[in-house]
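The entries below follow the order in which I looked things up.

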Amino acid sequence: MAEGVPRRQSTLDEVAELAGVSRSVASRVLNNAPHVSRAKREAVERAVHRLGYVPNPTARALATRQTGAAALVVSGEDPSIFADPFFAQVIVGASAALEDADLHLMLCLAASDRGRRRVEQLLRSKGADGVMLMALREDDPLARMAQEAEMPVVFGGRPVGLEPRWYVDVDNAGGARVATEHLLSAGRTRVATICGRLDTEVGRARYRGYRDAMLAAGLDPYPPEAGDFTESSGAAAMAALLTRHPDVDGVFAASDNMGAGALRTLREAGRTVPDDVAVVGFDDLAVARIADPPLTTMHQPIEGLGREMARMLVALVNGQDPTPLILPTRLVTRASA
C-alpha cells in the first residue's frame with residue numbers, strides 16, 4: 001500500500017471468511033457470547049488479530065439485541081404432551097424462573113418433519129434468546145441442530161451418545177438402583193423391570209440402575225420389558241412379564257404411569273400387591289398417590305428440573321458459563337412395596 005494512503009477497514013465478513021466460520025459466529029465471538037466452541041473462538045480471534053479488525057459499535061449493539069423469549073422444545077409426537085403431568089410440572093418450573101428474568105416462554109413440539117423444520121428455523125433465525133430441549137431419542141436430528149445452533153441451548157436430560165456442554169438431568173441410574181434395592185431388601189428375589197424407551201438416555205439409565213442392583217445382589221437381571229412411559233404400555237408390559245416369568249415377585253417400573261398400568265394388570269390377573277408382587281415406580285406424580293394400592297416410587301424434582309433448566313439458560317443469555325447439574329432422587333414408600 002502506498003505511503004500516506006489510509007488502510008481500508010476490514011469487515012466482519014472478511015473475519016468470518018478467514019476464520020472459516022459463519023458471520024453470526026464471528027459476531028458472537030466479538031460480543032463475548034459463551035455459546036461458541038473454543039476452536040471457533042480461537043479461529044476468530046486469530047483472524048481479528050491478523051486483519052486488525054475493529055468492531056463497529058452500532059453493529060455490536062444489534063448483535064446483542066434480545067428477543068425477550070425462550071423456547072421449550074419437546075421431541076414428541078402428540079400435541080397433548082404438554083398436558084402430561086410430567087411436562088406440565090416442567091413448564092411450571094421453567095415459567096417461574098423465566099418470569100423472574102422477564103423472558104416469555106414459547107412451547108414447541110418437534111416430531112414431524114414440519115415441526116423439526118420450524119425448530120431449525122427458530123435456531124437459525126435466532127427467534128428466541130435461547131432454547132431448552134427435552135425428550136430426545138437416539139439419532140434425533142434435533143441434537144445436531146442444537147450443536148450447530150448459534151444461540152444458547154440447555155438440554156433437559158442428556159441425549160443418547162452425546163455429552164452436551166449445558167444440561168440439567170436427574171440421577172436416573174442412581175434412583176433406579178435404590179428402587180431395585182428397596183425391593184431386594186424386602187426379600188424379593190425375582191425382580192423384573194418395565195423400562196422406558198431404550199432409544200432414550202433416561203430409559204437406558206434407569207435400566208442400568210436396575211441391572212447394577214441385581215448384579216450387586218448376585219442375581220441375574222431379567223431382560224427388560226420396554227414401555228413408552230404411558231399407563232397403557234405399563235399394563236401391556238406387565239402382562240408380557242407374567243406370561244414369560246409367572247413367578248415374578250417384584251417389579252421396578254421406570255415411571256409412575258407404567259407402574260399404575262402394571263398394578264391394573266396384576267389386579268386383573270388375580271395377583272395381590274404387595275403380597276404376591278411388590279411394585280416400585282419412578283417420578284412421584286399424582287397417579288402414584290391415587291393408585292390402588294398407592295405406589296411406592298422414586299421422587300424426582302420435576303418442577304425443579306424445569307426451574308433449573310430455565311435458570312441455566314438465563315445465565316447463558318446473561319453471558320455466564322454455568323456448569324451441568326444433576327438433581328437427586330429419593331425413595332417415597334407407600335403400600336405397593
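The entries start with the ground rules and then go through sheets, cysteines and pocket.

**Ground rules.** I am working with a predicted model, in which local features need pLDDT of at least 70, side-chain atom pairs count only at pLDDT 80 or more, and totals for chains, interfaces and linings use all residues. I number residues from 1 along each chain as its sequence is written, and side-chain values use heavy atoms, with hydrogens and water left out.

**Parallel sheet.** I took helices (H or I, at least four residues) and strands (E, at least two) as DSSP runs numbered from the N terminus. Two strands pair if DSSP finds at least two bridges between them. I found an open sheet of 6 strands, ordered E2-E1-E3-E4-E5-E11, with parallel pairing. Strand E2 (104-109) and strand E11 (325-327) are its edges, each pairing on one side only. On average, neighbouring strands of this sheet are turned by 20° against each other, direction ignored; the axes are lines fitted to C-alpha atoms, for helices over the stretch in contact, and angles run from 0 to 180 degrees between N-to-C directions. I then checked E5 (residues 167-170), which is joined to E11 by 3 bridges. Asp 169 has Ile 326 in E11 as its bridge partner.

**Mixed sheet.** I found another open sheet of 6 strands, in the order E7-E6-E8-E9-E10-E12, and its pairing is mixed. Its edge strands are E7 (225-226) and E12 (330-332). E10 (residues 296-299) and E12 run antiparallel, with 3 bridges between them. His 299 stands opposite Arg 330 in E12.

**Cysteines.** I counted 0 disulfides, taking a disulfide as a pair of cysteine sulfur atoms within 2.5 Å. I call a residue buried under 20% relative accessible area, exposed over 50% and partly exposed in between (1.4 Å probe, protein chains only). Cys 108 is buried at 17%, and Cys 195 is buried at 1%.

**Largest pocket.** I looked for pockets on a 1 Å grid over the protein atoms alone: a pocket is an open set of points where a 1.4 Å probe fits, with protein on both sides within 12 Å along at least five of seven lines, and lining residues have an atom within 4 Å of a point. The largest pocket has a volume of about 1000 Å³. I noted 40 lining residues, of which Phe 86, Phe 87, Ala 135, Val 202 and Phe 229 are the closest to the centre. The lining divides into 16 nonpolar, 11 polar and 13 charged residues. Helix H9 (201-216) is among the elements that supply at least two lining residues, and H9 gives the largest share, 5 residues.

Technical notes: Grid points are joined across faces, edges and corners, and a volume is the space filled by probe spheres set on the points. Ala, Val, Leu, Ile, Met, Phe, Trp, Tyr, Cys and Pro count as nonpolar, Asp, Glu, Lys and Arg as charged, and the others, Gly among them, as polar.
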